[in-house]
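Hi,

Here is the structure I promised to pass on. Have a look at it first, and then read my notes below.

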Amino acid sequence: MKNIYIAILLISGLSLTNPATARTKLVALPERENTIIRLDHPDVTLIQEERTLSLHKGVNQIDFSWKGVHIDPDSLRLTILQHPDSTRLINVSYPPNEQALVWEIFSPDNQQEKIRISYLLSNIDRVITYEAKTNHQENKLDLSSYLVLRNFSGESFDSALFQLDYGNDFEKSILDGETRRMLFFETGNLKIRKIFIFNAGIHPWEPEKEKQTPGIPVSYELENMKNNQLGQHALWGGKARIYQNDAGTSTIFLGEDMAGFTPVGQKMTLHIGDSRDLSVTQHKVTEERSNIRRNRNDHIVLYDSNEEIRIEIENFKDAPATLKVIEPMQDEWDIKKSSHDFKLVNSKEIEFELNVPAKGKSTVTYSYVRKNIRS
Amino acid sequence: MLRKPLYLLLTGLLVWSTAVDAKIDLVTLPARDKTQLTIYNSADLTLVREQRTLILKKGLNRLEFGWENTLIDPTSVQLYAPGNESKVRLLEVNFPANITGSAVWSIESEIDGPVAVEITFFTSGLNWRAFYMGTLSKDERHMHLDAYVTIQNHSGEDYENASTRVIVGTIHLLDEIMALAGRDSPYNRPGTPQYLPLTRSESDVRLDAYRALGVAEDMAKAAASMEVKSIIKEGLSEYFLYTIEGTENIPDGWGKRLPSFSVDKIPVQNLYRYEEERYGKSTQRLVIFRNDTVHQLGKEPLPDGDIKIFKHVSKDQQLAYIGHVPSKYIPVDQEVELDFGAARDVKIDPVLMSEKSENYRFNRHGDISGSDRIQQWEIKVENNRDLPIKIEVFRNFNTPYWKINNQEENKGKFEGVDIDTVKYTLDIAAYSNTTLAYDITYLEGERQNANH
């Protein structure tokens with residue numbers, strides 16, 4: 001349904017101070033010609049449409065109305081394309097209580113003039129979705145990306161050129177109320193890494209005491225790099241659904257996640273589900289005060305605490321597992337001894353990365369001092 | 001009567017985007033050749049795979065897919081042509097304005113004629129659960145275990161001759177499939193969140209409701225619907241896939257119960273545990289076995305589900321019902337711990353025999369700044385059963401500042417668990433009593449600091 005109208009008022013040179021006169025006679029309804037819909041902004045959509053006006057010599061009033069259409073009126077721009085030096089936009093007026101405006105254009109002659117109207121239109125956008133399939137070893141991924149156009153703007157576009165910030169422009173029609181899902185790109189054999197993540201700040205330390213077997217989150221990491229058949233452009237965020245081939249000719253659904261916007265060179269992480277075949281049990285096994293400092297009343301005002309953590313990991317799976325163990329750290333801390341290398345994530349967090357053999361166990365112990373604890 | 005709200009129509013050379021009425025130009029109505037259901041139990045989700053044969057023309061074909069009155073997530077619908085992936089491609093799905101429950105596919109084909117395709121989509125309303133029946137031997141040293149899978153269909157769709165698979169595992173989902181099925185606009189409207197975080201409770205409530213329905217219907221229909229079929233099991237990623245032999249008819253509203261496995265003479269251990277912080281003052285009865293080959297198991301993980309426990313009480317197979325207990329998911333090689341609740345015939349009673357304080361410390365004002373509190377404990381254990389049993393006694397001290405003095409006979413029975421917990425493990429003969437004694441010293445105030 002067309003709700004945007006453009007019309008040239010019959011009598012040129014009318015004063016808009018007389019609204020009854022100014023809002024009446026329509027002469028011509030120039031059709032949209034080239035229409036470009038830019039979808040590169042994450043929040044708003046820019047429409048640029050060209051129309052040819054039949055202008056009279058003198059001042060012409062061009063009525064542009066958008067009843068029921070979600071146009072940002074402050075974003076409306078008119079560009080004169082054919083005779084920008086002699087044909088000039090001289091005034092813009094907003095009629096009361098209407099979704100409309102009136103442009104006054106001065107034309108040196110009776111002539112055809114091509115103009116471009118640009119505006120920001122709400123409730124028309126695109127979302128990106130992904131479908132992916134992993135191989136049995138879970139080290140390769142076939143990826144399909146879909147572009148979903150959604151138009152609930154109140155305006156229909158019979159034919160428009162859609163532009164994104166990457167990929168080829170394409171021509172489509174889209175009616176008001178319509179949604180179209182299109183295959184956007186496909187690529188195969190992408191390298192992925194499967195990781196398990198135990199966060200001691202979130203997950204239970206003693207899984208055997210839980211009523212249900214706690215799961216360890218499982219994610220795939222995918223690098224948006226040229227050496228991984230990607231890296232041409234950023235990957236937009238969107239819902240990603242991941243499948244895996246089974247032993248036959250079918251697939252199972254592994255899970256879904258909301259992929260984040262992933263610039264070139266960065267990593268996309270997709271949480272697919274939780275593993276209950278990996279068990280992590282954590283205990284604090286030592287806590288002793290030291291370096292006690294007192295005030296003149298002999299009260300303790302400051303002390304250090306020497307602590308030791310033991311983490312036992314058991315892999316019940318037939319395949320080795322790469323496990324990240326995230327350990328929150330409190331206060332001013334200093335690691336004294338660790339059975340494994342760790343990475344400093346930030347001042348409040350360290351991270352171990354372990355390769356736990358199939359059907360195997362690993363134990364991590366680390367001791368640290370928490371300094372200058374106030375009583 | 002079977003209902004078939006799901007339909008496929010091939011339309012002619014139509015342009016839906018400009019002519020909605022064009023869908024009346026029906027060319028072919030392809031029936032399902034085969035259907036495969038993959039049912040999840042951690043979420044209200046089933047992956048449906050249908051095989052159909054489409055008669056396609058070279059070039060662009062348009063096909064209408066309808067799902068009115070079903071619980072299908074329209075955003076999940078995909079079409080593949082196995083073996084002809086590069087020749088037949090689903091280029092676009094169009095959800096027309098003001099029409100709900102149907103979409104138009106644009107399929108590009110290099111093939112002129114019949115093409116076998118697979119259509120996959122998610123639906124809700126189908127679910128499955130595992131449950132078990134365990135039968136202990138008279139001496140409680142062994143258990144016979146029967147495992148079952150029950151499938152329920154409340155999807156609004158009848159599934160005939162469906163190859164049926166169930167998935168064990170915890171899947172990550174952004175949306176409830178049922179919520180996606182009920183949307184006016186499949187991908188929502190601009191300005192609305194792309195997904196709404198799942199509310200576990202709502203999902204659980206719905207699953208519980210299905211399961212509650214299942215219990216009643218199982219009981220009524222088990223005899224009629226149960227067939228002895230084998231289940232093929234396969235591990236995939238973090239999931240375990242059970243494929244039920246052959247095909248099943250699962251009409252809307254019906255359920256199926258299928259045997260999963262039956263294992264005899266699983267060696268089990270009777271364990272009694274006392275831990276006040278976890279169980280209160282009662283002694284907990286547990287039956288322990290391991291999901292491994294030594295225990296005649298270990299071929300697959302055991303999905304979570306209730307276990308009804310019986311016991312042989314006479315030589316002529318008379319049974320006594322002990323109770324039902326929930327079982328957690330158990331990976332292969334992990335120990336299974338069935339918690340039977342409070343025990344009546346094994347008593348564990350920790351008794352504080354004496355308490356005293358000493359080693360006082362004073363600050364410069366003469367006020368008390370620290371001391372030791374010494375307690376003598378006796379853990380009195382009574383086994384009133386006709387079986388030898390194993391007992392675990394956990395003691396939690398709720399402070400890292402303690403010293404324990406075990407009597408000589410406790411050596412070998414004691415282990416530290418963590419900073420404030422210790423454990424004693426005892427083997428107790430049938431109809432016997434024993435006492436476990438220890439002294440514990442709590443360091444308080446300044447005594448907690450080194451050199452004080």
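In which loop of chain B does Glu140(B) lie? Glu140(B) sits in the one between β10 and β11 (142–153); strands here are DSSP runs of E, at least two residues long, and helices are runs of H or I, at least four, all numbered from the N terminus.

Before I go on, a word on what you're looking at. It's a predicted model, where local features need pLDDT of at least 70 and side-chain atom pairs count only at pLDDT 80 or more, while totals for chains, interfaces and linings use all residues. Residues are numbered from 1 along each chain as its sequence is written, and chains are lettered from A and ligands numbered from 1 in the order in which they are written.

Phi of Glu140(B) is positive, near 60 degrees, and the residue isn't a glycine. Glu140(B) has 18 other C-beta atoms within 10 Å, so it counts as partly exposed (20 or more makes a residue buried, 12 or fewer exposed, anything in between partly exposed, with C-beta atoms placed from the backbone). Gln229(A) is in the loop between β15 (216–223) and β16 (238–245) of chain A and is partly exposed, because 13 other C-beta atoms lie within 10 Å.

Now the inside. The largest nonpolar core has 106 residues, and those touching the most other members are Leu323(A), Ile39(B), Trp105(B) and Ile167(B). (A core is a set of buried Ala, Val, Leu, Ile, Met, Phe, Trp, Tyr and Cys residues joined through C-beta atoms within 7 Å.) Strand β10 (residues 126–136) of chain B gives the most to this core, six residues. Apart from it there is another core of 31 residues, including Trp66(A) and Trp103(A). In general, nonpolar side chains tend to be buried together in soluble globular proteins.

Ile39(B) is in contact with Leu126(B), Trp128(B) and Ile167(B), among others, leaving aside neighbours within four places in sequence; contact means C-beta atoms, placed from the backbone, within 7 Å. Leu286(B), in strand β19 (residues 284–290) of chain B, is buried because it has 20 C-beta neighbours inside 10 Å. Among the residues Leu286(B) touches are Leu271(B), Arg273(B) and Glu337(B). Glu337(B) is 51 residues away along the chain, yet the two C-alpha atoms are 6.3 Å apart.

How many residues does each chain bring to the contact between A and B? Chain B brings 55 and chain A brings 56. On the chain B side, β7(B) gives the most, with five residues. By class, that side has 25 nonpolar, 19 polar and eleven charged residues (Ala, Val, Leu, Ile, Met, Phe, Trp, Tyr, Cys and Pro are nonpolar, Asp, Glu, Lys and Arg charged, the others, Gly among them, polar).

Pairing takes at least two DSSP bridges between the strands. Gly273(A) stands opposite Ile171(B) there.

Finally, chain A has an open six-stranded sheet with mixed pairing, in the order β6-β9-β4-β3-β12-β13. β6 (71–80) and β13 (170–174) are at the edges with a single partner strand each, so one side of each has no neighbour in the sheet. β6(A) and β9(A) pair antiparallel over six bridges, and Ile71(A) has Leu121(A) as its bridge partner in β9(A).

Cheers

Terms used. Contact = placed C-beta atoms within 7 Å.
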